[in-house]
Amino acid sequence: MEAFKNFKIAAYVYAYYLKDADDAEIQRGIDYFKKYIHLDKVYIENHRGVVDIPPQRLREVKALFEKNGIETSGGITSTQLVDGQRKPSYYDTFCYTDPRHREEYKRIVRELAGVFDEIILDDFFFTACRCEMCIEAKGDKSWKDYRLGLMEEFSHEIVDLARSVNPKMHFIIKYPNWYESYQETGYNPGKQKDIFDMIYTGTETRTACYSPQHLQRYESYSIIRLLENTAPGRNGGGWIDQGGSSDNLSRWLEQANLTMLAKARELMLFNFSVLVDSPALPPLGQELYRIDDLVGRCGNPVGVAAYEPYDADGEDQLYNYLGQGGLNVEPSPYFQDQAKTVLLTQSSACDPDIMNKLEAFVRKGGNAVVTVGFFHEVYDKGIKDMTSVRLTHRHVLGSEFLVSNANYVSSEVARSDEPVLFEVLNYKTNATHSDITILAGEDNFPLMTEDNYGRGRLFLLNVPENFADLYKLPAIVWRAMNKHLSMGQRVYVGAHAQINFFAYDNNVYGIASYRPMADTVQVVVRGACKGLRDIETGRTFTEFRTLPKPGMKGDATSVIPEETEYAFDVPLFPGRMLFFEVLD
């Protein structure tokens, strides 16, 4: 099979397989891969759990793959029973407080560095240990602070050790998909990005309902963007597996597609032995040749600047839920003060200087959308000077919604199939405007408010108590939310939830549907255009309707200038993707 033009394909060869596989079995696996997908590289593991692969056997396996034209690196999974004694830690991860555990880990690194010029750590390089040693060493610190310092220090130690054994060493740390929990287990990308040569990204989204991690499909895309912005140019790739998706090959393919559409440099397949003789490999190869062509036509990803500081916590996965409603997100651990629009969630409030940054950003002309979780965190830290919205500590069920933008005379009403539970927010008439309103009997409550402040605008997004209830909201409501969240971008979409929207800086855009049946996505273009063109088939969409224009309300004498918006209805089938450009 031909190599891909825009990314590489790698596979992880784990120790449990190497413990029993002879050269003939490994060669059979290589031959199977060759039939369906070009394999550029493998990461050969020397340790996992209680299994160690001796250096001599690693050299033999390395030579076999390289004989087949496949690059090789080493890998470690950081689980173990040192001296046969269990520690109180999930997955039996190492205890980095215990000197015996540290010495055992260094032995593993030392042996692997003697064979390979590159090592990757699978995503078990964390600790949740609460043994007596850890309790005593932690003292009065929080577990977060203790573990962050501990893992930063040990990261330096093993990288220095590997380089002392092999001066050519290139050391990679792979981060898992559960970014909201990094700090509690010692993952420290803010510091480790400068200790290790590269980072790597877990993009396994699996199932949203049955996984305790709340994973939404869009995260296979967004977490690549988050970690690319963490270490620009040094995010090695995305890592997928079939865990939680082996019963549904579409989910497996989606993980791969979204990872590469986020501009990952390499796709890691976990794992080599599981994919041999698997029905998952042939469709993956076929799909990736299409994705390779698409990726080559896409520029750099763009989206609303979502601020996710290092070691942050709050509203777990929220911007990925929004991503499932057609919002394109560009998350970063840094506040993007030059962006047109920023999205601040409860996680953003972990920055102790966030209110100063927010106030300055909006005052100079920026647009900020803050969530109700963020509002709670900064409620007594200055945000009440920027809006009349106040907390009530009450809740309301609503299934009818009014969209009435402050800059428009027109309004629309839509219903959801089921009621949704929201927090009740109060605001003062004509001091704040409710752009999207929850209607409940003879009363109503804001879903999205708008305030003028300095030269900019502040929007407050009231998300449901259960984030998954966002998917129940009508398409009109999603269009209204995405309109504000996409300010500064040329294109946004309105549709029922369970779609993804991708935007690139070269006038290329994409839509993916996960809905159970065919549906229509409304693509809205700001400013005059001639239509949309499917970049794969050449099909054009030229029929449009002009959306309502800004209009003076009541005795107002002005409106906020906006470009005319042109809406194109684009049909999309389940499990399909459509990529297009705007025709000028």
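The legends below describe close-up views of a predicted model.

**Figure 1. Helix α2 against helix α11.**
Helix α2 spans residues 23-36 and helix α11 spans residues 281-297; their axes come within 8 Å and cross at roughly 40°. The two helices α2 and α11 are therefore oblique to each other. Their crossing, that of α2 and α11, is right-handed. On the α2 side the contact involves Y32, F33 and Y36, which meet L281, P282, G285 and Y289 of α11. Six of the residues in this contact of α2 with α11 are nonpolar, one is polar and none is charged.

**Figure 2. Helix α2 against helix α3.**
The axes of α2 and helix α3 (residues 55-67) come within 11 Å, with a crossing angle of roughly 35°. The crossing of α2 and α3 is right-handed. From α2, the residues D23, I26, Q27 and I30 take part in the contact, and from α3, R57, V61, L64 and F65. By class, the contact of α2 with α3 holds five nonpolar residues, one polar residue and two charged residues.

**Figure 3. Helix α4 against helix α6.**
Helix α4 (residues 99-113) and helix α6 (residues 143-165) have axes that come within 9 Å and cross at roughly 35°. The crossing of α4 and α6 is right-handed. The α4 residues R102, Y105, K106, V109, R110 and A113 meet L150, E153, F154, E157, I158, L161, A162 and V165 in α6. Nine residues of the contact of α4 with α6 are nonpolar and five are charged, with no polar residue.

**Figure 4. The nine-stranded sheet.**
This open sheet has mixed pairing and the strand order β12-β11-β13-β14-β19-β18-β17-β15-β16. At its edges stand β12 (329-332) and β16 (412-426); each has a single partner strand, so one side of each lacks a neighbour in the sheet. On average, neighbouring strands of this sheet are turned by 30° against each other, direction ignored.

**Figure 5. Strands β18 and β19, with helix α15 on the sheet.**
Strand β18 (residues 443-453) pairs with strand β19 (residues 456-461) in the antiparallel sense over six bridges. Y453 stands opposite G456 in β19. Helix α15 (residues 475-485) packs on the sheet and touches several strands, including β11 (304-307), β13 (341-344), β14 (367-371), β18 and β19. The other strands touched by α15 are β15 (390-403), β16 and β17 (433-440). The direction of α15 makes about 15° with that of β18.

**Figure 6. The aromatic pair Y43 and Y200.**
The structure holds 46 aromatic pairs. In the pair of Y43 and Y200, the ring centres are 6.4 Å apart and the ring planes lie at 70°, so the pair is edge-to-face. Y43 belongs to strand β2 (residues 41-48) and Y200 to strand β7 (residues 198-202); the pair links distant parts of the chain, 157 residues apart.

**Figure 7. Backbone details in two loops.**
The peptide bond from F270 to N271 is cis, and its omega is near -5°. N271 is located in the loop between β9 (266-270) and α10 (272-275). Phi of D83 is near 60°, a positive value in a residue other than glycine.

Methods:
Residues are numbered from 1 along each chain as its sequence is written. This is a predicted model: local features need pLDDT of at least 70, side-chain atom pairs count only at pLDDT 80 or more; totals for chains, interfaces and linings use all residues. Side-chain values use heavy atoms; hydrogens and water are left out. Axes are lines fitted to C-alpha atoms, for helices over the stretch in contact, and angles run from 0 to 180 degrees between N-to-C directions. Helices (H or I, at least four residues) and strands (E, at least two) are DSSP runs, numbered from the N terminus. Angles under 35 degrees count as roughly parallel, over 145 as roughly antiparallel, 65 to 115 as roughly perpendicular and the rest as oblique. A crossing is left-handed if the near helix is turned anticlockwise from the far one by less than a right angle, and right-handed if clockwise. Contact means heavy atoms within 4.5 Å. Ala, Val, Leu, Ile, Met, Phe, Trp, Tyr, Cys and Pro count as nonpolar, Asp, Glu, Lys and Arg as charged, and the others, Gly among them, as polar. Two strands pair if DSSP finds at least two bridges between them. Rings of Phe, Tyr and Trp (its six-membered ring) pair if their centres lie within 6.5 Å; planes under 30 degrees apart count as stacked, over 60 as edge-to-face and the rest as tilted.
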